[in-house]
Amino acid sequence: MGSTKFGNFEDFCRDTTLPVCNVLSETHNQDGDWGGCKLRGIALPGEDRYLGNLGSILLAGVAIFVTIYLILRSERKRAAVGRREMQVFLVGYLLVSIAEIFSVGEFPLNDQVRVVFSAIHIGAIAATTWLLFINGIVGYQLMDDGTLLSLALTIGSALAWLIGVGYIALDTGYQWTTQWQGSLEPPNRSIALYVTYLLMPLVWAVFYVVLELVLVIKVLGETRPLLFLGAAVLAFALGQIFNFVVSPYICNGTTGAIDGSLFQTFFTLLSVTLVWFFWSSITEDDWPMQVQPYP
């Protein structure tokens, strides 16, 4: 793969704001040899101090409150299939949103601290998309949902993704070992992060959609819930387009005030919310009340 761009992050970091760029930059921020439009944001008191991506920070804050509300709302759906697993997925997205404030949101943090938040952000993305895939499997009732075994497998596997991918990011940023030596230099190649942070989350999301399409159409025989699922897919796709395609044009057009990561944060929040409504639309809120026969 030496002659291909597979595994290279140089172009991505040039065009948009990603948590992985904090790991791959020698200064452990969004600045690097990749060039491109510099996201400046709002000037702060002091020399060359900026609060970048304020919009993403605020939207990530909104995402935290929305996610907590959805977790609590899920608790009321006592008879819903996969209720606990859906709550675990939402907790994963909650962690993504918290970490995003300090990674994609450019606070004037210590460089070493920023690497930690970025690693958590990267690992949480990998774990949360895995949890989405698990939620797609849960609907088929291969084992009883909400049981100790189901939750142990769900949470345990997600933690494995979080810790494993998070460690790769930390080792890459801090260079504890020579395993990913050279990733901090152009073209910033990291096959491990490219696969676990970019490719596998997309694979898990696609698998989830396919599983849910089969479940709704073939098993449940319904079509209306697909409106929520289709809207969630569209919102997710728009977020990726804004982040990876449109971002440099937004950054240059606003002289570094915002870039596509702002819209990616918004559309991801919208997509997660629509996934919840899709799940809610194919589950019961409560157990049906038994009708007492007349004496």
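Leaving aside neighbours within four places in sequence, H28 is in contact with N22, V23, D111, Q112, R114, V115 and G173. This residue belongs to the loop between helix 2 and strand 1, and in the predicted model described here H28 counts as buried, because its relative accessibility is 8% and the limit for burial is under 20%.

N22, one of the contacts of H28, is also touched by S103, whose other contacts beyond four places in sequence are P19, Q30, F117, S118 and H121. S103 is placed in helix 4, which covers residues 83-103, and with a relative accessibility of 1% S103 counts as buried. Two polar interactions of the S103 side chain can be described: the side chain reaches the backbone oxygen of A99 at 3.0 Å, and a polar contact of 2.7 Å joins the side chain of S103 to that of H121.

A search of the whole structure finds two disulfides. One of them is formed by C13 and C21, with the sulfur atoms 2.1 Å apart. The torsion about the S-S bond of this pair is about -100°, so the disulfide between C13 and C21 is left-handed. Both cysteines count as buried, C13 at a relative accessibility of 4% and C21 at 0%.

The other bond joins C37 to C251, with an S to S distance of 2.1 Å. For C37 and C251 the torsion about the S-S bond is about -75°, so this disulfide is left-handed as well. C37 lies in the loop between helix 2 (19-24) and strand 1 (42-43), whereas C251 lies in helix 8 (residues 226-253), so the pair ties together parts that are 214 residues apart in sequence. The two partners fall into separate accessibility classes, as C37 is partly exposed at 25% relative accessibility, while C251 is buried at 3%. When the bonded cysteines of the protein are numbered in sequence order, the pairing reads 1-2, 3-4.

The surroundings of the bond between C37 and C251 also include G256, which touches C37, K38, L39, R40, G41 and C251 when residues up to four places away in sequence are not counted. G256 is found in the loop between helix 8 and helix 9, and with a relative accessible area of 0% this glycine is buried. Although G256 and C37 are 219 residues apart in sequence, their C-alpha atoms are 6.5 Å apart in space.

Two packed helices are described by the angle between their axes and the distance between the axes. For helix 8 and helix 9 (residues 260-281), the angle is about 175° and the axes are 8 Å apart. Since angles over 145 degrees count as roughly antiparallel, helix 8 and helix 9 are therefore roughly antiparallel to each other. The residues of the contact of helix 8 with helix 9 divide into 16 nonpolar and nine polar, with no charged residues.

At a relative accessibility of 3%, N188 counts as buried.

Q175 lies in the loop between helix 6 and helix 7 too, and phi of Q175 is near 55°, a positive value in a residue other than glycine. In contrast to the buried N188, Q175 is partly exposed, with a relative accessible area of 27%.

How values were computed
Residues numbered from 1 in each chain as written. Predicted model: local features only at pLDDT ≥ 70, side-chain atom pairs only at ≥ 80, totals over all residues. Heavy atoms only, no water. Helix = DSSP H or I, 4+ residues; strand = E, 2+ residues; numbered from the N terminus. Buried < 20%, exposed > 50% of the residue type's maximum accessible area, 1.4 Å probe, protein only. Disulfide = S-S within 2.5 Å. Axes fitted to C-alpha atoms, helices over the stretch in contact; angles between N-to-C directions. Parallel < 35°, antiparallel > 145°, perpendicular 65-115°, else oblique. Nonpolar A, V, L, I, M, F, W, Y, C, P; charged D, E, K, R; others polar. Contact = heavy atoms within 4.5 Å. Polar contact = N/O pair within 3.5 Å; in protein donor to acceptor, adjacent residues only side chain to side chain.
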